Amino acid sequence: MNKPAFDVQATNAASRKAAPRKLSLKERYNLMTGDLGWETTYQPMDKVFPYDQFEGIKIHNWEGWQDPFRLTMDAYWKFQGEKERKLYAIIDAFQQNNAQFNVTDARYINALKLFFQGVSPLEYAASRGYALAGRNLRGVGARVACQMQAIDELRHAQTQIHTISHYNKFFSGLHENSYMFDRLWYLSVPKSFFEDAMSAGPFEFVTAISFGFEYVLTNLLFMPFMSGAAFNGDMATVTFGFSAQSDESRHMTLGLEIVKFLLEQDPDNLPIVQHWIDKWFWRGYRLLALVAMMMDYMLPKRVMSWSEAWEIYFEKNGGALFEDLARYGIRLPKYHEVASKEKGHLSHQTWATFYNYTHATAMHTWIPEPHEMDWLSAKYPDTFDKYYRPRFEYWDSLAKQDKRWFNPGLPMLCQTCQIPMLFTDVGSDPTRVVSRESVYRGTKYHFCSDGCKDVFDYEPEKYVQAYLPVNQIFQGNCGGSSLSDVVNWCHVEPADSGDFAQSEDRANWNRWTHADAGSEA
Amino acid sequence: MSANNNVFIALQATDEARSIIDAILADNPAATRIDYPAMVKIDAPGRLVVRRESVSERLGRDWDLRELQLSLISLSGNIDESDDEFCLVRG
């Protein structure tokens with residue numbers, strides 16, 4: 001192994017270890033991180049770091065902040081460089097071998113579109129967010145950790161763009177993700193989620209993203225999604241996914257340390273942190289409705305259902321986590337029981353909504369094949385046949401009469417999560433949509449759930465400013481008054497949207513892979 | 001909610017990770033292995049340890065614990081890392 005140059009200076013540590021001139025992990029971390037900070041003298045620290053007190057968080061000793069991986073910059077470059085070399089070798093091989101044709105079927109690509117439109121821009125947003133948080137936190141351990149994470153997240157955005165650009169040569173919906181992210185209605189859900197976090201203070205941001213999102217919830221995204229990509233033959237996505245996820249495990253760990261650090265610093269921090277955990281659990285859970293739909297409907301070969309993933313990663317693993325945190329006075333996030341009750345409904349309701357509005361999206365939808373409906377019945381014995389199968393079968397019968405159902409209206413959006421008001425009251429009547437309201441300064445605001453209403457009621461000044469795509473369309477700010485005006489304004493091309501059965505993607509796929517037994521070839 | 005005190009580590013199903021997985025299963029008799037496409041998840045009650053020596057033996061070379069980063073997908077539990085051991089613990 002290469003010896004970094006600074007080890008040469010470390011002769012005084014030699015007596016402590018058997019191997020001479022080599023510092024222990026802890027010593028290296030302290031020298032390469034803690035030693036990089038200083039007390040400013042030209043300006044007082046409070047003026048240099050003006051944003052780390054207004055949230056009410058009290059920090060008495062920043063040295064309590066430790067990166068559990070004790071990763072130092074030199075090791076960071078070395079290991080990240082190695083990850084990149086592996087990843088790009090695989091991307092090259094993938095492209096040279098036309099491996100995009102090895103995925104299960106072209107429907108799968110729509111999961112990739114949703115990921116690329118909705119998640120990859122979040123990686124970039126995270127890079128900006130951590131750069132900002134690192135600038136605003138005065139503890140050196142926190143600053144270094146945020147810096148590394150900002151670089152990680154930038155790497156994720158770049159590697160995803162590089163990987164998926166190859167798919168863009170063959171499939172629709174992948175051509176302008178950053179543009180669509182700013183304009184398309186369903187992408188305002190992830191966009192506003194991250195902008196909510198970035199426009200909070202630095203402590204709320206790291207609690208929201210590192211703990212609430214990364215630690216509590218991202219296993220639900222990355223583990224089933226990437227394993228699902230592997231199961232569906234998408235080698236390139238698996239590779240960028242796991243390459244990113246190996247960074248995520250570091251981020252998640254940091255998320256847990258952040259929460260413990262805040263709670264250990266001062267008892268007054270507890271109610272603030274608990275509020276953030278409640279808020280960001282619910283915000284993150286709502287965002288994952290997209291993942292639920294992807295797992296249950298968009299992977300032609302399925303690894304596990306959303307409901308099973310929720311049980312493993314939230315109920316069991318999250319349960320153990322919150323038992324751990326109980327000694328700090330932290331309890332399970334508010335409304336976690338609502339999320340668990342919704343697990344039998346979430347993916348079906350979300351997919352049904354996308355099916356309704358797929359003429360205004362940059363992806364395709366479809367009715368599940370009969371064997372896929374049977375899988376859903378088996379995985380959701382209490383809900384699928386009773387509430388959802390009849391609806392899909394009815395829509396299927398319409399499509400077969402050439403009357404494929406597209407909803408011509410625009411949905412009402414929740415003021416907080418910006419998802420159409422599609423969630424029902426699964427506790428008492430799963431056919432009834434939940435609708436909550438708050439009046440603030442004479443204007444009425446609408447919410448999909450008690451969780452989203454609570455978030456608004458706590459900081460109404462923030463959420464009244466939300467940019468809601470449907471409201472903006474009606475106000476004439478989105479390119480015009482017709483659907484095609486709006487869709488053009490979002491840079492969605494005709495081939496990007498509509499039912500999969502009529503799509504260019506499907507026709508091309510059949511031609512290229514001869515799936516139609518040569519009829520179009 | 002039916003909670004438990006399991007910790008877990010998830011690793012890529014690659015040639016290098018195979019040695020890490022074997023070492024973990026040998027060093028943690030209570031651990032259970034679950035195979036998913038491209039991924040192996042190992043659950044263990046309360047505590048799980050990755051030992052540098054055990055992995056080095058199986059790989060036939062000196063393995064730096066921080067190389068774990070190259071194979072890691074996800075984990076759960078509190079981390080305690082030294083030069084020789086990487087531990088995941090509850091509580």
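Asn98(A) sits in the loop that links helix 3 (73–96) and helix 4 of chain A. The model is predicted. Asn98(A) has a phi near 50°, a positive value in a residue other than glycine.

**Loop residues with positive phi**

- Most residues other than glycine have a negative phi.
- Asn98(A) counts as exposed, because 11 other C-beta atoms lie within 10 Å and the limit for exposed is 12 or fewer.
- Tyr335(A) also carries a positive phi, about 70°, and is not a glycine.
- Tyr335(A) belongs to the loop between helix 14 (306–325) and helix 15 (336–342) of chain A.
- Tyr335(A) is partly exposed, with 19 C-beta neighbours inside 10 Å.

**Helix 4 against helix 6 in chain A**

- Helix 4 (residues 109–118) and helix 6 (residues 140–168) of chain A pack at about 145°.
- Their axes are 12 Å apart.
- The crossing of these two helices is left-handed.
- Helix 4 of chain A contributes Ile109(A), Leu112(A) and Phe116(A) to the contact.
- Helix 6 of chain A answers with Gln160(A), Ile164(A) and Tyr167(A).
- By class, this contact holds five nonpolar residues, one polar residue and no charged residues.

**Nonpolar cores**

- The largest nonpolar core has 153 residues.
- Leu288(A) and Met294(A) touch the most other members of that core.
- Leaving out residues up to four places away in sequence, Leu288(A) touches Leu217(A), Leu220(A) and Leu221(A).
- Another core lies apart from it and has seven residues, including Trp366(A), Tyr380(A), Phe384(A) and Phe392(A).

- Tyr285(A) is part of helix 12 (residues 269–287) of chain A.
- Tyr285(A) is buried, because 26 other C-beta atoms lie within 10 Å and the threshold for buried is 20 or more.
- Not counting residues up to four places away in sequence, Tyr285(A) touches Leu217(A) and Ala339(A).
- Leu217(A) is also one of the residues that Leu288(A) touches.
- Phe213(A) is 72 residues from Tyr285(A) along the chain, yet their C-alpha atoms are separated by 8.6 Å.

**Fold of chain B**

- Chain B contains two helices and seven strands.
- The order of elements from the N terminus is β-α-β-β-β-α-β-β-β.
- The radius of gyration of chain B is 12 Å, close to the 12 Å that the globule rule gives for 91 residues, so chain B is as compact as a globular protein of that length.
- Along the principal axes, the C-alpha atoms of chain B fill a box of roughly 45 × 30 × 20 Å.
- In chain B, 46% of the 91 residues count as buried.
- Among contacts in chain B with a separation of 6 or more, 65% come from residues 24 or more positions apart.

**Contact between chain B and chain A**

- Chain B puts 28 residues into the contact, and chain A puts in 33 residues.
- On the side of chain B, strand 1 (6–12), strand 5 (72–76) and strand 6 (78–81) are the elements that give two or more residues.
- Strand 5 of chain B gives the most to that side, with five residues.
- By class, the side of chain B that touches chain A has twelve nonpolar, eleven polar and five charged residues.

Terms used:
Residues numbered from 1 in each chain as written. Chains lettered and ligands numbered in written order. Predicted model: local features only at pLDDT ≥ 70, side-chain atom pairs only at ≥ 80, totals over all residues. Axes fitted to C-alpha atoms, helices over the stretch in contact; angles between N-to-C directions. Helix = DSSP H or I, 4+ residues; strand = E, 2+ residues; numbered from the N terminus. Left-handed = near helix turned anticlockwise from the far one by under 90°. Contact = placed C-beta atoms within 7 Å. Nonpolar A, V, L, I, M, F, W, Y, C, P; charged D, E, K, R; others polar. Rg over C-alpha atoms; globule rule 2.2 N^0.38 Å. Core = buried A, V, L, I, M, F, W, Y, C linked by C-beta atoms within 7 Å.
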